[in-house]
Amino acid sequence: MQIDDVQITTTDPTTDATPSGTVLCEDGLRRPPWAARDPLLREYYDTEWGMPVRDEAGLYERLVLEGFQSGLSWVTILRKRPAFREAFAGFDPDAVAAFGEDDIARLMADARIVRNRRKIDAAIANARAVVALRSEGGLVELVWSYRPERTPEPRTMDEVPSRSPESEALAKELKRRGFSFVGPVTVFALMEAIGVVDTHLMDSHRRGSSGVWTAEGAG
């Protein structure tokens, strides 16, 4: 998830917050500004974002949604997520890999999702790439093999990176394998979302909660 579209840039007078640090929410827990306001984003942050995803369909879903989010707000994608799941056969890579022109026409006519032909084509191509990867270990093994030795230790949103050497290398490898909409920024957002890196702010109540990283950034 790319979160720069929802950052707070001024201190919120109703909460204990700095311009780019955590917000002390009414439940007594500290969250980053992007997760402190909208209930849907808060639920996503508290229960899903940054937790390990190690199943193929789940990882494929997040890869597709990160691609569709490009140029849009993440909360828009979250609100449309149930419709995306229905439209894309539950993000079953085998099912999506078999989509043809009739399916593309159906998706382009579905107002519940993001009707972008390039992104739809990429989702189908990526499903086919996922299937092709199975003979070489699979998508999950490939993505998790780019886990760094340490994870960032940001105290403010300004200290959260948007890309890394690992995301650049993984993006390059994914493109070589036939994937689309997998630039290094999108790939880093994916790595954050599925726990490959932990970019929770240091004083967030979610820091170190994934079981992959300690709060101090060690694996």
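A: Two residues are in contact when heavy atoms of theirs lie within 4.5 Å. Leaving out residues up to four places away in sequence, S167 touches P184, V187, F188 and M191. The model is predicted. S167 belongs to helix α8, which covers residues 165–176. Its relative accessible area is 0%, under the 20% limit, so S167 counts as buried. A polar atom of the S167 side chain lies 3.0 Å from the backbone nitrogen of S164.

Next come the rings. Across the whole structure, 10 aromatic pairs are found. In one of them, Y45 and W49, the ring centres are 5.8 Å apart and the planes meet at 25°; that angle is under 30 degrees, so the pair is stacked. Y45 is buried at 0% relative accessible area, and W49 is buried at 3%. F84 and F88 also form a stacked pair, because their planes are at 25°, with the centres 6.2 Å apart. Both F84 and F88 are buried. These two phenylalanines belong to a cluster in which ring pairs link Y60, F68, F84, F88, F91 and F99. The ring of F99 also has the charged end of R106 over it, 5.3 Å from the ring centre. In another such case, the charged end of R147 sits over the ring of W213, at 4.5 Å from its centre.

The charged pairs follow. The count of salt bridges comes to 22. One of them joins R62 to E48, with the closest N and O atoms 2.8 Å apart. R62 is in helix α2 (residues 56–69) and E48 in the loop between α1 (39–47) and α2, so the pair ties together parts 14 residues apart in sequence. Both partners, R62 and E48, are buried. They also take part in a network of salt bridges that links E48, E61, R62, R81 and R85.

D94 and R134 form a salt bridge at 2.9 Å, N to O. Because D94 lies in helix α4 (residues 93–97) and R134 in the loop between α6 (117–133) and α7 (139–144), this pair ties together parts 40 residues apart in sequence. D94 is partly exposed, at 40% relative accessibility, and R134 is partly exposed at 35%. R207 and D198 meet in a salt bridge at 3.8 Å, N to O, and both R207 and D198 are buried.

As for confidence, the chain has a mean pLDDT of 92, and 91% of its residues reach 70 or more. Residues 4–17 have pLDDT below 50; beyond near neighbours in sequence, this stretch has 23 contacts in the model.

Methods: Residues are numbered from 1 along each chain as its sequence is written. This is a predicted model: local features need pLDDT of at least 70, side-chain atom pairs count only at pLDDT 80 or more; totals for chains, interfaces and linings use all residues. Side-chain values use heavy atoms; hydrogens and water are left out. Rings of Phe, Tyr and Trp (its six-membered ring) pair if their centres lie within 6.5 Å; planes under 30 degrees apart count as stacked, over 60 as edge-to-face and the rest as tilted. Buried means under 20% relative accessible area, exposed over 50%, partly exposed in between (1.4 Å probe, protein chains only). A charge sits over a ring if NZ of Lys or CZ of Arg is within 6 Å of the ring centre and within 35 degrees of the ring normal. Helices (H or I, at least four residues) and strands (E, at least two) are DSSP runs, numbered from the N terminus. A polar contact is a pair of N or O atoms within 3.5 Å; within protein, one must be able to donate a hydrogen and the other to accept it, and residues adjacent in sequence count only if both atoms are side-chain atoms. pLDDT is the predictor's confidence in each residue, from 0 to 100. A salt bridge is a side-chain nitrogen of Lys or Arg within 4 Å of a carboxyl oxygen of Asp or Glu.
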